[in-house]
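Hi,

Here is the structure for you to open. Have a look at it first, then read my notes below.

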Amino acid sequence: MAGMELLSDQGYRVDGRRASELRRVQCRLGVLGHADGSALFQLGNTRALAVVSGPHEIRGSKSKALHDRAVVNCQYSMATFSTTERKRRPHGDRKSIEMSLHLRQTFETAILTQLFPRSQIDIFVQILQSDGGNYCACVNAATMALVDAGIPLQDYVCACSVGFVDETPLVDVCYAEEAAGGPVMAVALLPRSEQVAFLSLDSRLHEDHLSGVMKAATVACRDLHAVLSRIVKETLQEATAGE
């Protein structure tokens, strides 16, 4: 991330935020009434829709069933209108397959799959609008959809990206910051235990800076956890008041 305009001398970023400041977080649970669980999550201008189905019997070949836990199936896609470039993205393209795998690895860590042997839990996530941090938006959306579905988790899974500019970690990078080409770390964390469910780094970062970037990601994930917990509490209060 070597762009001098990415961080001003006054410490402001391209979108006016401070280095440690998250974009605005918005989320709604239960947006699709026919689904077991659903959530619409927005981080700045990045919007993700997550739908959860299950646990249910294994679909397709029964040989996929695991005798001691549930199979977690994740599918990621991007809406064709999610970016300014109108490039058609086939459902099975390499990036979608890779993102689906990352999401599955993330949620296999958090879901109490041992409670549902020989069953399957499906998580479908689609990016509706993309402005950086797609993986993180998907994780946060899927977490909320799982909560909406009532599927037991060890803890919420909260995800945030962190870039590095001018010796400074930048929390929750937007597209302009991602596109600058410097190091961006994506971290999915179980906030209470600080267990890392997933971590990726898409460019070189000197080991001297690693702990500082990781600390910034941990603090950001905790901040996200506080926001998501508040949203769930408010949603429950609204549902109870409407009965």
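This is a predicted model: local features need pLDDT of at least 70, side-chain atom pairs count only at pLDDT 80 or more; totals for chains, interfaces and linings use all residues.

V196 sits in strand β9, residues 195–201. Together with L199 and L201, V196 forms a nonpolar patch on the surface. The patch has about 220 Å² of accessible area.

Next, the salt bridges. Side chains of opposite charge can pair when their charged atoms come close. The structure holds 12 salt bridges. One of them joins R13 to E177, with the closest N and O atoms 2.8 Å apart. This pair links distant parts of the chain: R13 is in the segment before β1, E177 is in helix α3 (residues 175–179), and 164 residues separate them. R13 is buried, at 4% relative accessible area. E177 is buried too, at 0%.

Now compare R104 and E108. Their closest N and O atoms are 3.0 Å apart. They are 4 residues apart in helix α1, so about one helical turn separates them. R104 is partly exposed at 30% relative accessibility, and E108 is partly exposed at 38%.

E234 and R230 also form a salt bridge, at 3.2 Å. They lie 4 residues apart in helix α4 (residues 207–241), so about one helical turn separates them.

Last, the helices. How do α1 and α2 cross? The axes of α1 (residues 94–110) and α2 (residues 134–149) come within 11 Å and cross at roughly 45°. The two are therefore oblique to each other. The crossing is right-handed.

Best wishes

Conventions: Residues are numbered from 1 along each chain as its sequence is written. Side-chain values use heavy atoms; hydrogens and water are left out. Patches are made of residues with over 30% relative accessible area and no salt bridge: like charges are joined within 9 Å, nonpolar side chains (Val, Leu, Ile, Met, Phe, Trp, Tyr) within 5 Å. Accessible areas come from the Shrake-Rupley method with a 1.4 Å probe; for residues, only the protein chains shown count as cover. A salt bridge is a side-chain nitrogen of Lys or Arg within 4 Å of a carboxyl oxygen of Asp or Glu. Axes are lines fitted to C-alpha atoms, for helices over the stretch in contact, and angles run from 0 to 180 degrees between N-to-C directions. Angles under 35 degrees count as roughly parallel, over 145 as roughly antiparallel, 65 to 115 as roughly perpendicular and the rest as oblique. A crossing is left-handed if the near helix is turned anticlockwise from the far one by less than a right angle, and right-handed if clockwise. Buried means under 20% relative accessible area, exposed over 50%, partly exposed in between (1.4 Å probe, protein chains only).
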